[in-house]
Amino acid sequence: MKQLFLLFFFLFSIAVISQSNILVIQKLNSNFTKEIKENKRIKVWTKDGQKLYGRFTIKDSISIIIEEKVILLEDIIKMKKKSLFGTIANPIFIVYGSFAIIAGVVTVGTGGWGAIIGGSFIIGGVPLVLIPSISNNHPSDKWEYSIKIR
């Protein structure tokens, strides 16, 4: 029993002492920060025109690795955090929103009640297309990227 207790104590102490690396994104005009833990999905656009998507690991205090490519934080133009739900759901929202907009445009042309119904389709479809497209963007001119080791 004493040996089992020592084993659990040892394993717990390793978990407490272990460090986790975090990518910190801070808004330039305020103190608002977002922290992205290592091995999360992100999409990155670089100064040389590359667009990389995948899980990232932190190499050192100024660079990250995505798809086995080293990227300096200063070379990043825009970063977007991508969750698994967002990766699956965003295209679905965009397609349904596009269908709602198309149906609204077609229905508005009929006049009368069709114009009112078509307008509601357009109003409902626009957010379904725009929100997944523009949400969760962190361009470098508005956000500062850094790495924090805990």
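**Close-up views of a predicted model**

**View 1. The largest pocket holds about 150 Å³ of space.** Here a pocket is an open set of points on a 1 Å grid over the protein atoms alone, where a 1.4 Å probe fits and protein lies on both sides within 12 Å along at least five of seven lines. Grid points are joined across faces, edges and corners, and the volume is the space filled by probe spheres set on the points. This is a predicted model, so local features need pLDDT of at least 70 and side-chain atom pairs count only at pLDDT 80 or more, while totals for chains, interfaces and linings use all residues. Residues are numbered from 1 along each chain as its sequence is written, and side-chain values use heavy atoms, with hydrogens and water left out.

**View 2. Ser83, Gly86, Asn90, Ser135 and Asn136 are the lining residues closest to the centre of the largest pocket.** They belong to a lining of 13 residues, each with an atom within 4 Å of a pocket point. Strand S7 (76-81), helix H2 (84-108) and helix H3 (113-134) each give two or more residues to the lining, and H2 has the largest share, with five. Helices (H or I, at least four residues) and strands (E, at least two) are DSSP runs, numbered from the N terminus.

**View 3. The largest nonpolar core has 17 residues.** Such a core is a set of buried Ala, Val, Leu, Ile, Met, Phe, Trp, Tyr and Cys residues joined through side-chain atoms within 4.5 Å; buried means under 20% relative accessible area, exposed over 50%, and partly exposed in between (1.4 Å probe, protein chains only). Among those with the most contacts inside the core are Leu23, Ile42 and Phe56. Leaving aside residues up to four places away in sequence, Leu23 touches Ile42, Phe56 and Met79, among others, where a contact means heavy atoms within 4.5 Å.

**View 4. Gly54 is a buried residue of strand S4.** Its relative accessible area is 14%. Beyond four places away in sequence, Gly54 touches Lys40, Arg41, Ile42 and Ile66. Val44 is 10 residues from Gly54 in sequence, and their C-alpha atoms are 8.9 Å apart.

View 5. Gly97 is 33 residues away along the chain, with 8.8 Å between the two C-alpha atoms.
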